[in-house]
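Trainee: Could you pick one spot in this model and walk me through its surroundings in detail? I'd like to hear what it touches, and then how the rest of the chain is put together around it.

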Amino acid sequence: MAEGMSVKHLLYFSPGTGSFPLFGFNGTFMSSLQVFFFLLFLLQWGRVAMDPFSQLILLISVVSFCTFQWLFHSVSPWASSRISPGFLKLSHKQKIEWNSRTVSTLHALLVGLFCLYILFFDEAVNQDPVWGDPTLVKINGQGMLPYFANFRLLAEFSTPCVNQRWFFEVLGYPKASKPNMTNGVLMAVVFFLVRIAVMPVYYSRMCSVYGTEAFYKVSFGGRSAWIFSSICLDIMNVMWMHKIARGCYKVLRSRRKSKPEIQENGKTD
């Protein structure tokens with residue numbers, strides 16, 4: 001395992017079959033025997049081939065993997081059936097997707113909070129946004145470009161609203177219902193805050209390190225990929241924000257038009 005491999009990387013790795021989520025996303029789940037031998041191999045290999053800190057990262061990754069498996073297969077079905085009785089009426093495929101999105105929401109909140117803490121309180125990252133190498137960054141991201149990598153992961157905060165929209169849809173909530181509209185407005189606000197409003201901060205910090213010694217220590221390919229991907233991603237973010245804002249406006253407008261007009265005498269038309 002390469003130094004700096006994050007929890008997310010391990011959770012999305014499977015030997016021999018390519019990358020896919022091990023903890024249930026999209027309905028994919030390795031058999032218990034495969035999981036057991038896979039984890040046993042990782043722990044044994046890590047004990048022999050890794051330095052103590054990398055062993056700690058591996059241990060955290062394995063614990064995270066097992067925790068998310070438990071959340072997906074046990075906690076989510078148990079809690080969902082009690083919070084939302086409609087869960088029991090879903091098809092098997094929909095239940096898998098439901099549990100997957102429940103875990104996705106928890107994961108997004110955890111990663112987002114981690115990022116906020118690192119960006120606000122981790123001195124190593126803020127002093128050297130290109131090569132800062134603190135412990136928390138290795139757990140949550142990579143050793144290179146830690147500030148910018150963690151900054152991008154703030155976008156995870158918009159995931160819960162996206163998942164909640166799917167929950168309402170599969171439960172049969174009308175688009176004009178109050179819960180759906182509230183979630184839609186919240187999604188537009190959160191999306192704007194974590195993907196659009198932060199752009200000036202992100203690019204001003206990028207400009208501040210451009211041309212420095214630390215900047216040129218990154219390979220040409222790495223610099224090109226970083227800058228080019230950032231610009232492309234934000235172009236898409238602006239396009240998505242435009243669509244979300246238009247959709248939100250249309251729903252709010254249709255909701256207002258659908259309300260019965262009140263006459264002066266208090267009677268409805």
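Mentor: R195 is found in helix α9 (residues 178-196), where helices (H or I, at least four residues) and strands (E, at least two) are DSSP runs, numbered from the N terminus. Before we dig in, keep in mind that this is a predicted model, so local features need pLDDT of at least 70 and side-chain atom pairs count only at pLDDT 80 or more, while totals for chains, interfaces and linings use all residues. Residues are numbered from 1 along each chain as its sequence is written, and side-chain values use heavy atoms, with hydrogens and water left out.

Here's what makes R195 worth a look: this arginine is buried and yet has no salt bridge. Buried means under 20% relative accessible area, exposed means over 50%, and partly exposed is in between (1.4 Å probe, protein chains only). A salt bridge is a side-chain nitrogen of Lys or Arg within 4 Å of a carboxyl oxygen of Asp or Glu. For R195, the nearest side chain of opposite charge is E156, and that one is 7.1 Å away. On charges, Lys and Arg count as positive and Asp and Glu as negative, with His and the chain ends not counted.

What does R195 have instead? Leaving out residues up to four places away in sequence, R195 touches A155, S158, D234, N237 and W240; contact here means heavy atoms within 4.5 Å.

Let's follow D234 from that list. D234 lies in helix α12 and counts as buried because its relative accessibility is 5%. Not counting residues up to four places away in sequence, D234 touches R152, R195, M199 and Y203. With Y203, the side chain of D234 makes a polar contact of 2.5 Å. With R152, the side chain of D234 meets in a salt bridge (2.7 Å, N to O). R152 sits in helix α7 (residues 146-152) and D234 in helix α12 (residues 220-258), so this pair ties together parts that are 82 residues apart in sequence. R152 itself is partly exposed, at 24% relative accessible area.

Side chains of opposite charge can pair when their charged atoms come close. A search of the whole structure turns up 2 salt bridges. Beside R152 and D234, R101 and E97 meet through their side chains (2.9 Å, N to O). R101 and E97 are 4 residues apart in helix α4 (residues 92-121), so about one helical turn separates them. R101 is buried at 18% relative accessible area, whereas E97, at 23%, counts as partly exposed.

Back on α12, take V238. V238 is partly exposed, with 43% relative accessibility. Setting aside neighbours within four places in sequence, V238 is in contact with I196 and M199; M199 is also on the list for D234. V238 and F192 are 46 residues apart in sequence but 9.1 Å apart in space, C-alpha to C-alpha.

Helix α9 has another partner to look at, namely α8. The buried residues of α8 pack against α4 and α9; those buried residues are T159, P160, C161, N163, W166, F167, F168 and V170. With 12 residues (159-170) at 1.5 Å a residue, α8 should span 16 Å, and its end C-alpha atoms are 17 Å apart, which agrees; the expected span is 1.5 Å times one less than the number of residues. Just after α8, G172 takes a positive phi of about 90 degrees.

Zooming out, the chain has 12 helices and 0 strands. Buried residues make up 41% of its 269 residues. Among contacts between residues at least 6 apart in sequence, 62% join residues at least 24 apart.

Last, the cysteines. A disulfide is a pair of cysteine sulfur atoms within 2.5 Å, and by this rule the count comes to 0. C66 counts as partly exposed at 38% relative accessibility, while C248, at 17%, is buried.

Definitions and conventions
Polar contact = N/O pair within 3.5 Å; in protein donor to acceptor, adjacent residues only side chain to side chain.
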